[in-house]
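The sequence and structure come first.

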Amino acid sequence: MVFAKDIMIEAIDINKEYRRAGAIIRALVDINLRVKSGEFVIVQGPTGCGKSTLLNVLSGLDLPDSGRVIFDGENIARATEDRLSKIRRQKIGFVFQDYNLVNSLTAIENIEALLWPTVLSNKEIENRSIAALRDVNLLERKDHHPVQLSGGEKQRVGLARAIIHRPRVILADEPTGNLDPESETHVMELLKKINKDTETTVIVVTHRTHLNKYADKIIKMDKGRIIKIE
Ligand SMILES: Nc1ncnc2c1ncn2[C@@H]1O[C@H](COP(=O)(O)OP(=O)(O)O)[C@@H](O)[C@H]1O
Ligand SMILES: [Mg+2]
């Protein structure tokens with residue numbers, strides 16, 4: 001299918017440095033990559049190699065010093081802050097290592113909150129949130145608060161929140177970093193299922209090599225560079 005081969009994200013000659021106490025840290029060095037629509041990509045490498053910086057640059061949360069990022073056909077290195085936040089709100093679902101749930105809200109409220117402001121009716125918001133919770137096998141926990149949930153359950157709420165607005169891309173930075181092996185498998189299997197069922201592009205950042213089996217493509221980084229794509 002031609003559509004599935006479309007390029008979703010392209011990074012061209014990206015460089016980014018941080019300066020700290022007189023020292024220069026080359027966080028991203030001559031990065032070139034392409035992520036196809038519907039692809040499941042793992043970005044892999046040791047702590048400090050630039051994985052999070054790369055993810056932030058690909059989503060426009062951070063700007064490169066040089067180079068271009070084409071996200072869904074649009075050069076986001078040139079976009080205004082307004083445009084960038086709209087792209088993130090509409091096209092990207094974020095998953096965080098520490099879940100980033102609001103403790104005062106229930107599971108379903110955490111998910112619904114992502115849709116605001118919205119033109120959807122209350123009924124539609126509820127229907128979508130219930131469907132998302134069902135997708136991550138967590139409907140029976142819908143009225144629980146984060147403190148009542150295990151790490152794996154919290155991350156499944158995080159996944160439901162990441163898909164509620166039907167994004168084109170899911171970006172997950174060490175999504176299983178705080179999870180036990182069983183919960184890790186559950187979360188990865190769910191990500192893979194979402195990827196397959198909805199053709200959502202998924203990029204998972206991790207230093208754990210045993211997760212490689214989930215990927216269509218593995219981008220290996222070291223010291224700010226891509227050292228291998230396989
Ligand atoms: N805001 C920042 N200021 C200074 N240095 C930073 C900043 N963010 C990241 N770095 C440095 O850039 C390098 C890459 O960091 P990061 O992308 O977080 O790596 P990873 O996610 O692979 O662990 C590291 O050396 C880190 O210390
Ligand atoms: Mg990181």
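How many nonpolar, polar and charged residues are in the lining of the largest pocket?

## Basis of the model

This is a predicted model, in which local features need pLDDT of at least 70 and side-chain atom pairs count only at pLDDT 80 or more, while totals for chains, interfaces and linings use all residues. Residues are numbered from 1 along each chain as its sequence is written, chains are lettered from A and ligands numbered from 1 in the order in which they are written, and side-chain values use heavy atoms, with hydrogens and water left out.

## Largest pocket

The lining of the largest pocket has eight nonpolar, three polar and seven charged residues (Ala, Val, Leu, Ile, Met, Phe, Trp, Tyr, Cys and Pro count as nonpolar, Asp, Glu, Lys and Arg as charged, and the others, Gly among them, as polar). The space in this pocket is about 400 Å³, and D135, I163, R166, I194 and T198 are the closest to its centre among the 18 lining residues.

Both α4 (122-135) and α6 (181-198) supply at least two lining residues, and α6 gives the largest share, five residues.

## Second largest pocket

The second largest pocket has a volume of about 220 Å³, and its lining, which includes W116, R128 and H165, divides into six nonpolar, three polar and two charged residues.

## T176

T176 lies in the loop between β7 (169-173) and α6, and T176 is buried, with a relative accessible area of 2% (buried means under 20%, with a 1.4 Å probe and protein chains only).

Key: On a 1 Å grid over the protein atoms alone, a cavity is a set of points where a 1.4 Å probe fits but cannot get out, and a pocket is an open set with protein on both sides within 12 Å along at least five of seven lines; lining residues have an atom within 4 Å of a point. Grid points are joined across faces, edges and corners, and a volume is the space filled by probe spheres set on the points. Helices (H or I, at least four residues) and strands (E, at least two) are DSSP runs, numbered from the N terminus. Buried means under 20% relative accessible area, exposed over 50%, partly exposed in between (1.4 Å probe, protein chains only).
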